[in-house]
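Please keep the sequence and the model in view while reading.

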Amino acid sequence: MTTINREVGEQGKGFRLQRLRAIKLLFEKMNASQKAVIYAGTEFFDDVYIKAIEDEKVEVIAEGDKNYDSKPSFSFMSNEVKNSLISFLDCWFQHDIEGLIFCFYTNVKIGKEYNTQYLKGLNINLPVEPIIELLMKKDFDNENLLSTVKTVLVDEYKKQYKGKESDGFLQSLEELSDELWISFLNKIDWKFEQEDEEELEQTLIEEIGKQSFYKVDLIGKESYVIAALLDEFEKRQNIKDHFGRLISDAQVKLKLLEVGNNQYKMSDPVYEQWEMLEPPSDKRNLDEKIEAVTKTYSKRKLGMFARKIGAVKLEFAKIDSKDKGAYQYRIYDACEERLLELLDSYDGSEVAPRVVDGWIDDLVQFAEKHLAEKSKDFTYPFKNKDTLRNTILELFDSCYLSFDG
């Protein structure tokens, strides 16, 4: 059965909140039991996924997170609520797990529904109280509650699947008994007026030092724990296999140990600078740039450079794009600085091939020292000198650096 792909990827609003919520739920489950095996992920089932296994008991939480500054409230008729409920229904039909729980988490208030033309067209008589408040109280004796929820969600389900390759579980939904509707709605934990992203992060900082599942000194290092776990979720986000995106309780303990023993280093945030660099106007490749300053450079050596550039591109293809961007930017920044010094006295005349080799060796040495200094605080994907040298050659080849300005 094909259902709607609701993943929003890295640019989706609230992805940081999702990861913070996943971390908080991980800590809650780990503190609750020393025996449970726990997994957490984002955009798997829904925005946040938690699975806790202890003996024969399995609990799964699928949570939708809605973090808004611009909206004061959500009613049952808000698109954000209806979208989450349709997602919950699909998940329920696909994964009929006894311990499955849904959660709708938001920082805004509960709003009241109003009699609109849309609702009149569906012949709906709204309850007096807000529908979400009635659902939170599980007041299914209210004569209008269940009929309103069923009518709206079936209509919304049809709309969302209109024009799709499949109609999802529409037939099953239309045939659902009142008893099963109530069973589904009872699985939803409604959380309104909750912490926003900044408040949640502050709460986590306060709670990390109090964790009881792993004895390691984290006083003063709480923000590093959050950074380490956020980074782990982020790196896994684009893994195609959804199970590969999950973080286990064992991996959380490993990160705590790294932070506690001062072994954790953050990823370098300057990848953003690399992404914002203006495209270079110099379109010459490495061969042309070398030949612009020396006409007698070895053709065999240029061929070797081409192979090395190809090899480093393959290495780059295997790593996270942000790690790659930070690594390239730091090397580019160091080489650009050193080239200004090296070429300050260069008059534009032809030089011997050994001079070009000397320039390249000098750039490698300067960039190596620069990366070593930055490595005191940040982590980089490559440590070896060969990849560093090949990266510098690639920066010349991809037009970012040149010998003649």
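## Aromatic rings

Rings of Phe, Tyr and Trp (its six-membered ring) pair if their centres lie within 6.5 Å; planes under 30 degrees apart count as stacked, over 60 as edge-to-face and the rest as tilted. One aromatic cluster is made up of Phe88, Trp92, Phe93, Phe102, Phe169, Trp181 and Phe184. This is a predicted model: local features need pLDDT of at least 70, side-chain atom pairs count only at pLDDT 80 or more, and totals for chains, interfaces and linings use all residues. Residues are numbered from 1 along each chain as its sequence is written, and side-chain values use heavy atoms, with hydrogens and water left out.

By the ring rule, there are 28 aromatic pairs. Take phenylalanine 316 and tyrosine 327: their ring centres are 6.4 Å apart and their planes meet at 70°, so the pair is edge-to-face. The pair joins distant parts of the chain, with phenylalanine 316 in helix H13 (residues 299-317) and tyrosine 327 in helix H14, 11 residues apart. Helices (H or I, at least four residues) and strands (E, at least two) are DSSP runs, numbered from the N terminus. Phenylalanine 316 and tyrosine 327 are both buried. Buried means under 20% relative accessible area, exposed over 50%, and partly exposed in between (1.4 Å probe, protein chains only).

## Nonpolar cores

A nonpolar core is a set of buried Ala, Val, Leu, Ile, Met, Phe, Trp, Tyr and Cys residues joined through side-chain atoms within 4.5 Å. The largest one has 45 residues. Which residues have the most contacts inside it? They are Phe76, Phe102, Leu135, Val149, Trp181, Phe184 and Trp190. Elements that each supply at least two residues of this core include strand S3 (57-66), helix H2 (79-94), strand S5 (100-106) and helix H4 (131-137). H5 gives the most, with eight residues. Apart from this core lies another, of 41 residues, among them Phe305, Ala334, Leu342 and Leu401.

Contact means heavy atoms within 4.5 Å. Not counting residues up to four places away in sequence, phenylalanine 76 touches Val81, Lys82, Leu85, Glu113, Ile131, Ile132, Leu135, Val149, Val152 and Leu153.

Alanine 367 lies in helix H15 (residues 353-374). Alanine 367 is buried, at 1% relative accessible area. Leaving aside neighbours within four places in sequence, alanine 367 contacts Ile331, Ala334, Cys335, Leu388 and Ile392. The C-alpha atoms of alanine 367 and isoleucine 331 are separated by 5.6 Å, and these residues are 36 residues apart along the chain.

Alanine 311 is in helix H13. Is alanine 311 buried or partly exposed? With 33% relative accessibility, alanine 311 counts as partly exposed.

## Pocket and cavity

On a 1 Å grid over the protein atoms alone, a cavity is a set of points where a 1.4 Å probe fits but cannot get out, and a pocket is an open set with protein on both sides within 12 Å along at least five of seven lines; lining residues have an atom within 4 Å of a point. The second largest pocket has a volume of about 490 Å³. Of its 25 lining residues, the closest to its centre are Arg16, Ala227, Leu230, Asp231 and Glu234. H9 gives the largest share of the lining, seven residues.

The whole structure holds one cavity of 30 Å³ or more. The volume of the largest cavity is about 50 Å³. Met30, Ser33, Gln34, Ala36, Ile38, Phe213, Asp249 and Lys253 line the largest cavity.

## Positive phi

Most residues other than glycine have a negative phi. Asparagine 123 has a positive phi of about 60°. Asparagine 123 sits in the loop between helix H3 (117-121) and H4, and is exposed at 70% relative accessibility. Lysine 138 also has a positive phi, near 55°. Lysine 138 is in the loop between H4 and H5, and counts as partly exposed at 39% relative accessibility.

Technical notes
Points joined across faces, edges and corners; volume = space filled by probe spheres on them.
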